[in-house]
Amino acid sequence: MNHFELFSLLPSYQLDLNGLADSYRELQQQYHPDNFAAESSERQAQVMQKAAQINDAYQTLKDPLSRAQYLLSLHGLELGGEQQTINDVAFLMSQMELREQLAEIEHAADPEDAIDNFSRLLKRQRSDLSSSFEKAYNEQNFEQAADDVRKLKFYARLQQQLLQLEEKILDY
């Protein structure tokens, strides 16, 4: 059973995250280990395995990047640990520019404002790329969809680096 089937969902990039969370809570209650305390150790192990599967599926589907990678894996494209390079020179140049902007935030006159502006820029660009992924995936252009996921990984790393910088600057 794939993750979508587990939650009675059709495989799709767009998901009702509230509905997903509701289904997750229902399954968690249904397969909570305490409900099976009187069962055999074999049955308890099965329930623990099912609970772990539910958790893994939920974590995968609630995150757009993980969900995109999972959708592609359903079609035989495993991107999880790959190290394939991106041949899109314009994209790579834009990533270099974004990294330079990120490095300059710490020295900005108003670092909080610079963080907010950079965060909005990343969100916009990730949204555009997510739309491109969804279109390519829906058209079954899986190679283009895979390229979009590879690019989304760059943005995820930038977002993580921005959060680290924000913590450093704002002294969280």
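This short report walks through the fold, surface and core of a predicted model.

## Overall fold

Let's start with the secondary structure. The chain contains seven helices and zero strands, so its pattern along the sequence reads α-α-α-α-α-α-α.

How far does the C-alpha trace span along its principal axes? The spans are about 65 × 45 × 30 Å. The radius of gyration of the chain is 20 Å, while a compact globule of 172 residues would have one near 16 Å.

Contacts tell us how the chain comes together.

## Surface and charge

Of the 172 residues in the chain, 37% are buried. The chain exposes about 10700 Å², and 46% of that area is supplied by carbon and sulfur atoms.

Now for the charges: there are 29 negative and 16 positive side chains. The centres of these two sets lie 2 Å apart.

## The nonpolar core

Look inside the model next. The largest nonpolar core has 47 residues, and the members that touch the most others are F7, L72, I105, F118 and F133. At least two core residues come from each of α1 (3-6), α2 (17-30), α3 (41-62), α4 (64-73), α5 (89-105), α6 (111-138) and α7 (142-170). Which helix gives the most to this core? That is α7, with ten residues.

Leaving out residues up to four places away in sequence, F7 touches L20, S23, Y24, L27, I54, A57, Y58 and L61.

Technical notes: Residues numbered from 1 in each chain as written. Predicted model: local features only at pLDDT ≥ 70, side-chain atom pairs only at ≥ 80, totals over all residues. Heavy atoms only, no water. Helix = DSSP H or I, 4+ residues; strand = E, 2+ residues; numbered from the N terminus. Rg over C-alpha atoms; globule rule 2.2 N^0.38 Å. Buried < 20%, exposed > 50% of the residue type's maximum accessible area, 1.4 Å probe, protein only. Areas by Shrake-Rupley, 256 points an atom, 1.4 Å probe, with all protein chains shown as cover. Lys, Arg positive; Asp, Glu negative; His and termini not counted. Charge placed at Lys NZ, Arg CZ, Asp CG, Glu CD. Core = buried A, V, L, I, M, F, W, Y, C linked by side-chain atoms within 4.5 Å. Contact = heavy atoms within 4.5 Å.
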